Amino acid sequence: MPDINGLVQKALAYKSDPLRNKKLGVNKRIGCFFLNPSMRTRLSTQIAAQNLGMDVIVFNVGSEGWALEFEEEAIMSGKTVEHVKDAAPIMGKYFDILAIRTFPSLKNREDDYSELFINQFARYAGIPVVSLESATLHPLQSLTDVMTITEELQKSNLQGSRGKNRKSKIVLTWAPHVKPLPQCVANSFAQWINAWGEAEFVITYPEDYELSKEFTNGATLTNDQDEALKGADFVYVKNWSTYTDYGKIYCNDPEWMLTNEKLRLTNNAKVMHCLPVRRNVELSDEVLDGPSSLVTEEAANRVWAAQAVLSEILTAIP
Ligand code: CP
């Protein structure tokens, strides 16, 4: 794991002075490749790169490019047209940094958790590759989330209202959804909060929705949402599909949706979600539109987290 607090401080510094390193990326170009849809990640990464003086090219490779093959020794007689081992080295000539979004299939856990797509780009591009959300992780989101929590704690500590002289309590809660979603955001959030180590961390979900222990080890796990919410300072709301019997929806119990009534169990918790969110399915209007919600600030912070990571890479490359 990277130096999380170091990156957070860097991100906060960019937030207070976005153009402080506006020449760092001059004469450098980033390619942002999307095999899947995006709004926040796409726009925030572009803004971050531009703030550093970089040229940016966005390519919706999933909808506008040739269908890529990722398997080694594939006999390409099916739908795929170009192998990543032919495409990625060219990207290495066009760009200084490559950033990629590639979602999981949710059909085969072993395949998805091997991270074949992004790993093959990294293997063959010969330049730094940044994840804009891959099959199992969304690190730029998680850096943003730790930054947003840090920022909120700094504000609250000034007011003496939370976290002072004790670890703050962060709860990651499963929420209902109408379709099976990846585990990426939840995996990443768990991985980063555990590695950060500065909070009491509880993950709550209905039976059969456990995540991979690789990411949750260190957190308290419970199927009792009300118990988990007691005394929470931050509630991170996210749906994910099943991990063990992979990619399924078993439960869509609306009781798991966060409401103001549930929030009353917390320590006046702030509510986070990576967005996009299904209103009144995952999260109620009253919470999203109320004073507890941090979702807009959280999404806005995506720029500064991306800028911190890109600046680290730019500093390291010739
Ligand atoms: N949170 C997030 O990654 O949003 P987008 O899918 O819109 O990029």
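Lys10 counts as partly exposed because its relative accessibility is 24%, where buried means under 20% relative accessible area, exposed over 50%, and partly exposed in between (1.4 Å probe, protein chains only). Its side chain meets that of Glu312 in a salt bridge of 2.8 Å, N to O; the term stands for a side-chain nitrogen of Lys or Arg within 4 Å of a carboxyl oxygen of Asp or Glu. This pair links distant parts of the chain, with Lys10 in helix 1 (residues 4-16) and Glu312 in helix 14, 302 residues apart. Helices (H or I, at least four residues) and strands (E, at least two) are DSSP runs, numbered from the N terminus. Glu312 is partly exposed too, at 41% relative accessibility.

A word on what you are looking at: this is a predicted model, in which local features need pLDDT of at least 70 and side-chain atom pairs count only at pLDDT 80 or more, while totals for chains, interfaces and linings use all residues. Residues are numbered from 1 along each chain as its sequence is written, and side-chain values use heavy atoms, with hydrogens and water left out.

Let's stay with the charged pairs for a moment. The count of salt bridges comes to 13. In one of them, Glu72 joins Lys85, with the closest N and O atoms 3.2 Å apart. Glu72 lies in the loop between strand 3 (68-69) and strand 4 (82-83), and Lys85 in helix 4 (residues 84-94), 13 residues apart. Glu72 is partly exposed at 30%, and Lys85 is partly exposed at 37%. Another salt bridge joins Lys230 and Glu227, whose closest N and O atoms are 3.0 Å apart. Shared partners also join Lys15, Glu151 and Glu297 into one network of salt bridges.

Now step inside. The largest nonpolar core has 59 residues, and those with the most contacts inside it include Ile170, Leu172, Trp196 and Trp240. Such a core is a set of buried Ala, Val, Leu, Ile, Met, Phe, Trp, Tyr and Cys residues joined through side-chain atoms within 4.5 Å. Helix 14 (residues 302-316) supplies the largest share of this core, 9 residues. Apart from it lies another core, of 17 residues, among them Val171, Val202, Val235 and Leu275.

Strand 7 pairs with strand 8 (residues 199-204) in the parallel sense over 6 bridges, pairing being called when DSSP finds at least two bridges between two strands. Ser168, for example, has Ala199 in strand 8 as its bridge partner. Leaving aside neighbours within four places in sequence, Leu172 is in contact (heavy atoms within 4.5 Å) with residues including Phe189, Phe201, Ile203 and Trp240.

With a relative accessible area of 14%, Leu181 is buried. Not counting residues up to four places away in sequence, Leu181 touches Leu106, Lys238, Asn239, Trp240 and Ser241. The C-alpha atoms of Leu181 and Thr242 are separated by 8.9 Å, although these residues are 61 apart along the chain.
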